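My entries follow in the order in which I checked things.

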Amino acid sequence: MVVFDRPKSLTDREFHYCSGCMHGVVHRLVAEVLDELEIRGKTVGIAPVGCSVFAYNYFNCDMIQSPHGRAPAVATGVKRVHPENAVFTYQGDGDLAAIGTAETVHAAARGENITVIFINNAIYGMTGGQMAPTTMPGQVTSTSPYGRKAEIQGLPIRVCEMLSTLDGVAYAERVSADCVKNIRAAKKAIKKAFEYQIAKKGFTIVEVLSNCPTNWGKSPVESLEWMRTNLMPYYPIGVYKDIELNKKPEVENNA
């Protein structure tokens with residue numbers, strides 16, 4: 001009896017991610033959902049520019065490499081030409097919330113029937129740990145060595161809160177990959193997002209709070225604790241929009 005095995009929707013390539021990074025965990029969750037929904041053969045994923053730039057090596061489905069920040073635009077084109085396919089983007093905070101802000105907002109506003117998997121680790125990972133749109137006030141990065149100051153660099157963007165105000169968004173949930181319980185909840189959210197897409201309900205996004213041990217300068221274990229102490233209180237996990245509900249549910253308060 002096989003208790004644990006590699007999902008069919010993942011290749012056997014070894015991940016290139018830093019030790020302790022949650023990208024590999026989230027990759028597996030997406031792959032498990034594709035397997036369970038039996039849509040691998042009709043799924044197209046859009047790889048971004050960033051730490052997950054090589055996502056096309058890992059997902060065992062059709063993949064397209066997009067220019068930096070343009071994954072929602074590429075996904076829009078694919079979905080409109082092939083509406084029968086499941087289309088998802090996999091993006092980090094620099095790709096989605098900085099150079100790709102316009103593509104993200106307008107794809108959501110149009111209600112494009114795509115699913116966005118958004119990794120929020122509050123920093124630029126691949127390019128050296130610079131301040132990202134999601135970097136929190138006071139957080140030290142390579143370009144904010146004295147901590148992010150609102151009066152100089154402005155305040156962070158809370159993506160789920162922002163997108164949940166748009167009529168084209170069918171489902172927006174923020175989850176976390178810091179522990180087994182939250183990872184299981186993250187998988188449920190990802191599955192629901194794909195199910196809404198299959199049902200043609202509109203734009204869906206799952207924001208996954210993740211760690212960056214390398215650029216945070218912490219061990220993997222320390223980075224998870226830092227997530228719980230700092231990242232999760234600032235970005236509360238929970239459902240921000242679900243069109244199947246008459247009102248927005250209460251989000252979880254981690255403070």
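**Ring cluster.** I found Phe59, Phe88, Tyr90 and Phe194 linked into a cluster by ring pairs. I took rings of Phe, Tyr and Trp (its six-membered ring) as paired if their centres lie within 6.5 Å; planes under 30 degrees apart count as stacked, over 60 as edge-to-face and the rest as tilted. By this rule I have 10 aromatic pairs.

**Basis.** I note that this is a predicted model, in which local features need pLDDT of at least 70 and side-chain atom pairs count only at pLDDT 80 or more, while totals for chains, interfaces and linings use all residues. Residues are numbered from 1 along each chain as its sequence is written, and side-chain values use heavy atoms, with hydrogens and water left out.

**Two pairs.** I looked up phenylalanine 54 and tyrosine 56: the ring centres are 6.1 Å apart and the planes at 90°, so the pair is edge-to-face. Phenylalanine 54 is partly exposed at 36% relative accessibility, and tyrosine 56 is partly exposed at 35%. I used these cut-offs: buried is under 20% relative accessible area, exposed over 50%, partly exposed in between (1.4 Å probe, protein chains only).

Next I took phenylalanine 59 and tyrosine 90, with centres 6.2 Å apart and planes at 55°, so this pair is tilted. Phenylalanine 59 lies in the loop between β1 and β2 and tyrosine 90 in strand β3, so the pair ties together parts 31 residues apart in sequence. I find both phenylalanine 59 and tyrosine 90 buried. Helices (H or I, at least four residues) and strands (E, at least two) are DSSP runs, numbered from the N terminus.

**Cores.** Which residues touch the most other members of the largest nonpolar core? Of its 34 residues, they are Val30, Phe59, Phe88, Ile117, Ile190, Phe194 and Val206. I counted as a core a set of buried Ala, Val, Leu, Ile, Met, Phe, Trp, Tyr and Cys residues joined through side-chain atoms within 4.5 Å. Two or more residues each come from α1, β3 (86–92), β4 (115–120), β5 (169–176), α7 (180–198) and β6 (203–209). The most come from α7, with 7 residues. I then logged another core apart from this one, of 21 residues, including Val78, Leu96, Val116 and Ala172.

**Valine 30.** Leaving aside neighbours within four places in sequence, I see valine 30 in contact (heavy atoms within 4.5 Å) with Phe59, Phe88, Ile117, Ile190 and Phe194.

**Helix α2.** In α2 (residues 71–81) I list Ala71, Pro72, Ala75, Thr76, Val78 and Lys79 as buried. Their cover includes β1 (43–47), β2 (62–65), β3, α4 (101–109) and α7.
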